[in-house]
Amino acid sequence: MGGPDVSVVVAVYNTMPYLTECLRSLVDQSIGIDRLEILTIDDGSTDGSGAELDRWAAEYPGTFKVLHQENSGGPAGPSNRGLDLATGRYVFFLGADDYLGTEALQRLVTAADELEADIVLGRLVGAGGRVVNQAVFAPGNRDDITLVNSALPWALSNTKLFRRSLLEEHHIRYPEELRSGSDQPFTIRAVMAARRIAVRADYEFYYAVRRTDSSNITYRTSLSGFVQDAALIMDTVADVITDPEARDAVLRRHFTWELGKLLGKRFLEADQEERVRVQEGVRKLADTYLTEEIRADLDVRHRIPLSIAQYGTVQDLLTVAKHFAEHGLSPVVAEGERYYLNFPGFRDPALGFPDEWFDATSHVRQLVHQTGPADVRWGRTPDGRRALLVGWHTSLPNLSSGDGPAPQVTAGDLPATLTESANDDDGGTRVLGYLTIDDIVAGQTKRRQRRRVRFSWTTRGESYSLPVTAFDLSRATRILHRRGLRFHLVGAELDEKARLHVVSTTVTPRRIAGRLARRLRPKR
């Protein structure tokens, strides 16, 4: 009998109680535990994780192997120890607070064998409020992807199936000097060595969990520590990736995620010495790797602070961070066919900051229909009818100008009465939609009807339609409404992405009477 098909490496440091579900998801794999070896490395845990590993190893002695060691400071060392022990044809790295879908490993191995792929990505989804970028999975199953023909540059974690012979032949290991992001140099080197990389998006393979205390190492690293780690990762990219288009694609990702995210809220919360260290680190990386082509392709939310970090002062960068925190992407001004973020003082020609840094045309046209959550409440139309009012501010100016269709707010197929008012402070627009309660329940045939609220508009000849999002529905709770002989409970709801829905439910007089009786029943 041959060795295992898959060696699963789990680096563990204080991950209880998540660890239990992680390990259970492995023994429940449809591939069968006889085709697995599970290599768990306890990196000096103090919360009982080590004992939990020993418990599972005692229950499955032929499958689990446990190595206890002193804390190394990050996942790179334990992952290398596991890889050194691995004997399977393939290796899979699983976070100790994450878990797998039951068919995950069987599907991944089947795809790798059929395609002779060296790396297979199975679809990752978030759990516990964690957000996972889905761009690489959006096109569906693909049998041969690269850094250029896919969103692979945005999916460089180690949560993939790797052919172990590839890793051994090219001596690919994790850089143990990195506290965060050590899986990226590992994955980049494997990607560049692989003969074929495949994607499987037709199943939820991997559930990436955000702990309720946000204690994942990503959330514990200092800002300047992140910059230092990003520097080593970007140096690896420049050293390993020889194709200029592929290299720029990966560097663009690192300027957006690894560096761009450091210059907002956490920068504001840092002390002055830390801010200085962060700006100096970002400036060095921008001087080395931020070409004008990459800069032009960055989202304006990251292009401005990165450019200011490179050419401005710490105070300039702090001012930009405060402006984003307080005003978002406002104010916006239209100049010819382009839109610009008109940050006070920063578009002064005397400062030498080019207008191109502040060009927000693509972002304004596609995304900025709301500068903040919508205000949702019960109120009255101008003619006195009861209605659900949905209002928000948008940076988009002059919505009703031009030859295209007028802007519209809809709830499903139900159009709202829409009013607009210009905002003289920033050139944006205040949008307010009225959905009368009679219109909401008119013609309702199902017991419960749920309609998503959307905003549609046309700008510069291009049409867009996006969901309206909100946070606070305390003033839009369900109310009882009678229309003819029928009663309805009508209100607003949010889905898991904070998208707004209008909901109406038909109720019977008996149910209403029962509710009233319960309310009037004397308390004992």
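Q: Which strands stand at the edges of the open three-stranded sheet?
A: The strand order in this open sheet is β5-β10-β7, and its pairing is mixed. Two strands have a single partner each, so one side of each is left without a neighbour in the sheet. These edge strands are β5 (99–100) and β7 (124–127).

Q: Why is helix α3 described as largely enclosed by the rest of the structure?
A: The model is predicted, so local features need pLDDT of at least 70, side-chain atom pairs count only at 80 or more, and totals for chains, interfaces and linings use all residues. Residues are numbered from 1 along each chain as its sequence is written, and side-chain values use heavy atoms, without hydrogens or water. Buried means under 20% relative accessible area, with exposed over 50% and partly exposed in between (1.4 Å probe, protein chains only). Helix α3 (residues 76–85) is largely enclosed because its buried residues number seven of 10.

Q: What share of the chain's residues counts as buried?
A: The chain holds 16 helices and 23 strands. Of its 524 residues, the buried share is 52%.

How values were computed. Helices (H or I, at least four residues) and strands (E, at least two) are DSSP runs, numbered from the N terminus. Two strands pair if DSSP finds at least two bridges between them.
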